[in-house]
Amino acid sequence: MTSLGEKLAALYWGWQWASRSGAVLLVLPVALAVALRPPSVSSPAGRLALIGSLLFGVEAVLAAMSGRRYDHYFIPWLLPCAMLWGYFCELCLAKEGAARGANSGRFVLAGLVMVLAGLSAAKSVGAYRVASARPEESGAIVRMVQAETSAADRVLMWGSGLDEISFRLGRRSASRIFNTAPLTHDRAAYQDLARWLLADLERNRPRYVIEVLTLPELPTLFAGEVARQQGWETGPADWDTAEMVVQKARLATQYRIALVDARLRSVVYQRRS
């Protein structure tokens, strides 16, 4: 179970994520719309706004329940945001709104569209710049492992933010658990899935193991000592059972450190001959 603070933090993160495309920012003009004319069940637009408001509240609660910051949890926000935006447009462009300042409403609508478009473009450019810089950051890891392995070799990866490295590396996973994100859900999920991963590591004996500690969501695999030396924050060590601690220690003796990337908080291990 996650705490209330973790749920609120996930909700805030989702708000920031959805704002990158301007979607959640549509709630701001909706607040103006409600202030000008509260929704009423007597009109189709009012019913649409009420359903959209209810749906947005339900989706917000559901997205926050797990306390996890997964972008796909917040995609359902787009539908209620669009519904509420439609209500605002109807209010601004309604013919009967002359007495309420329909012309002013049109100008407000046009201005908000321009502001939303500008904010969305700025955030998209920022996200593109961040994404464009990542290949260079992980280039040293990718180049080294690719140079020492063939397409038939397997590599095991452990930690957070592995998708890009895995994609660029082009090597098969040494485990059925090719992405460790499911291990971060809770202690029970970690202990069930980590047993499989450690068993696969022991059986397949991959030439390289890549451990990324960008986010402190998991106990370390082999990099506990390196993390302490570098001052990196690590995940909940008490998730490991006594059996796992012994198994990790045994497996660690079969590998040596090949590369430490402090910027990415990553350690690459090579199997000893």
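Visitor: Among contacts in the protein with a separation of 6 or more, what share comes from residues 24 or more positions apart?

Guide: The share is 66%. A contact here means heavy atoms within 4.5 Å. As for the basis, this is a predicted model, in which local features need pLDDT of at least 70 and side-chain atom pairs count only at pLDDT 80 or more, while totals for chains, interfaces and linings use all residues. Residues are numbered from 1 along each chain as its sequence is written, and side-chain values use heavy atoms, with hydrogens and water left out.

Visitor: How many helices and strands does the protein have, and what makes a run count as one?

Guide: Both are DSSP runs numbered from the N terminus: a helix is H or I with at least four residues, a strand is E with at least two. The protein has 9 helices and 5 strands. Along the sequence their pattern is α-α-α-α-α-β-α-β-α-β-α-α-β-β.

Visitor: In what order do the strands form the sheet, and how is pairing decided?

Guide: Two strands pair if DSSP finds at least two bridges between them. The 5 strands form an open sheet in the order S2-S1-S3-S5-S4, with mixed pairing. S2 and S4 are the edge strands, each pairing on one side only.

Visitor: How many bridges hold S1 and S2 together?

Guide: S1 and S2 (residues 172–173) pair in the parallel sense over 2 bridges. The definition asks for at least two, so the pair qualifies. Arginine 154 has arginine 172 in S2 as its bridge partner.

Visitor: What joins S3 to S1, and what joins S3 to S5?

Guide: S1 and S3 run parallel and are joined by 5 bridges, with valine 155 opposite tyrosine 208 in S3. S3 and S5 are also joined by 5 bridges, but run antiparallel; valine 209 stands opposite tyrosine 269 in S5.

Visitor: What links S4 to S5?

Guide: S4 and S5 pair in the antiparallel sense over 6 bridges, and tyrosine 255 stands opposite arginine 271 in S5. The two strands form a hairpin with 4 residues between them.

Visitor: Why is S5 called largely enclosed?

Guide: Buried means under 20% relative accessible area, exposed means over 50%, and partly exposed is in between (1.4 Å probe, protein chains only). In S5, 5 of the 6 residues are buried, so the strand is largely enclosed by the rest of the structure. S1 (residues 154–159) is mostly covered too, with 5 of its 6 residues buried. In the protein, 40% of the 273 residues count as buried.

Visitor: Why is threonine 184 called buried?

Guide: Its relative accessibility is 3%, which is under the 20% limit, so threonine 184 counts as buried. Threonine 184 sits in the loop between S2 and H7. Leaving aside neighbours within four places in sequence, threonine 184 is in contact with Arg68, Tyr70, Glu217, Leu218 and Trp239.

Visitor: What makes the phi of arginine 205 and of arginine 265 worth a note?

Guide: Each is a positive value in a residue other than glycine: phi is near 45° for arginine 205 and near 50° for arginine 265. Arginine 205 is in the loop between H7 (187–204) and S3 (208–212), and arginine 265 is in the loop between S4 (255–261) and S5 (266–271).

Visitor: Why are arginine 205 and arginine 265 called partly exposed?

Guide: Arginine 205 has 43% relative accessibility and arginine 265 has 31%. Both values lie between 20% and 50%, so both residues are partly exposed.

Visitor: How many cavities are there of 30 Å³ or more, and what makes a space a cavity?

Guide: On a 1 Å grid over the protein atoms alone, a cavity is a set of points where a 1.4 Å probe fits but cannot get out; a pocket is an open set with protein on both sides within 12 Å along at least five of seven lines; lining residues have an atom within 4 Å of a point. The count is 1 cavity of 30 Å³ or more. The largest cavity has a volume of about 60 Å³, a volume being the space filled by probe spheres set on the points, which are joined across faces, edges and corners. Of its 13 lining residues, the closest to the centre are Gly159, Val212, Leu213, Leu215 and Leu218.

Visitor: Which helix gives the most to the lining of the second largest pocket?

Guide: H9 does, with 4 residues. H8 (224–230) and H9 (242–252) each supply at least two residues of that lining. The second largest pocket holds about 260 Å³ of space.
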